[in-house]
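Subject: Structure for your files, with notes

Hello,

Here is the structure for you to look over. My notes come after it.

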Amino acid sequence: MAAWWRDEHGAITGAVAILSIAMLTMAGLAYDGGQIAVAHSHAYNLASAAARAGAQQVDDASLRAAGDTLDPAAATSAATAITAGQGVETSVSVTGSTVIVTVSTTQSWRLLPLPDRQITATATAAATSDL
């Protein structure tokens, strides 16, 4: 008869517990990592759309007179209108015929219990009005 310290009954329980925790951690990393990638993509898409909308705000009178193509106030207004209501922070600058938009959004870690629970996704896009 084997001694009680050589008895291997229940030995698999410890391995299953450790493997279960590892699998749940990997699933959390996959989910949260995917959500962060989506947040970065969303920020870039919003910045690009806002920059394009701003670059379309041509000032006809100024174009004929001095060759400046953009109305800075209208370009800023159009760019911020695209990102309004999206829950993002937006910065717009107009230089000559170029509109530069920076969008920042935050994404929370949902499954993983990490100390810093927020990730900030920031994207910058520029569009030029070529007339």
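Residues are numbered from 1 along each chain as its sequence is written, and side-chain values use heavy atoms, with hydrogens and water left out.

Confidence

pLDDT is the predictor's confidence in each residue, from 0 to 100. The chain has a mean pLDDT of 84, with 82% of its residues at 70 or more. Where pLDDT is low, the predicted coordinates should not be read in detail.

Overall make-up

There are 3 helices and 3 strands in the chain, in the order α-α-α-β-β-β from the N terminus. Helices (H or I, at least four residues) and strands (E, at least two) are DSSP runs, numbered from the N terminus. Of the 131 residues, 27% count as buried; buried means under 20% relative accessible area, exposed over 50%, and partly exposed in between (1.4 Å probe, protein chains only).

The sheet

The 3 strands form an open, antiparallel sheet in the order E1-E2-E3, where two strands pair if DSSP finds at least two bridges between them. E1 and E3 (118-128) are the edge strands, each pairing on one side only. From one strand to the next, the twist averages 15°. Angles run from 0 to 180 degrees between N-to-C directions, and axes are lines fitted to C-alpha atoms, for helices over the stretch in contact.

Helix H3 (residues 72-83) lies across E1 and E2, at about 155° to E1.

The core

A nonpolar core is a set of buried Ala, Val, Leu, Ile, Met, Phe, Trp, Tyr and Cys residues joined through side-chain atoms within 4.5 Å. The largest one has 17 residues, and those with the most contacts inside it include Ala47, Ala79, Val92 and Val101. Helix H1 (11-55), H3, E2 and E3 each give two or more residues to this core. The most come from H1, with 6 residues.

Two residues to look at

Is threonine 76 buried or partly exposed? Threonine 76 is partly exposed, because its relative accessible area is 31%. This residue lies in H3 and touches Val92 and Val94, not counting residues up to four places away in sequence; contact means heavy atoms within 4.5 Å.

Serine 104, in E2, counts as buried because its relative accessibility is 18%. Its side chain makes a polar contact of 3.1 Å with that of threonine 122. A polar contact is a pair of N or O atoms within 3.5 Å; within protein, one must be able to donate a hydrogen and the other to accept it, and residues adjacent in sequence count only if both atoms are side-chain atoms.

Regards

Conventions:
This is a predicted model: local features need pLDDT of at least 70, side-chain atom pairs count only at pLDDT 80 or more; totals for chains, interfaces and linings use all residues.
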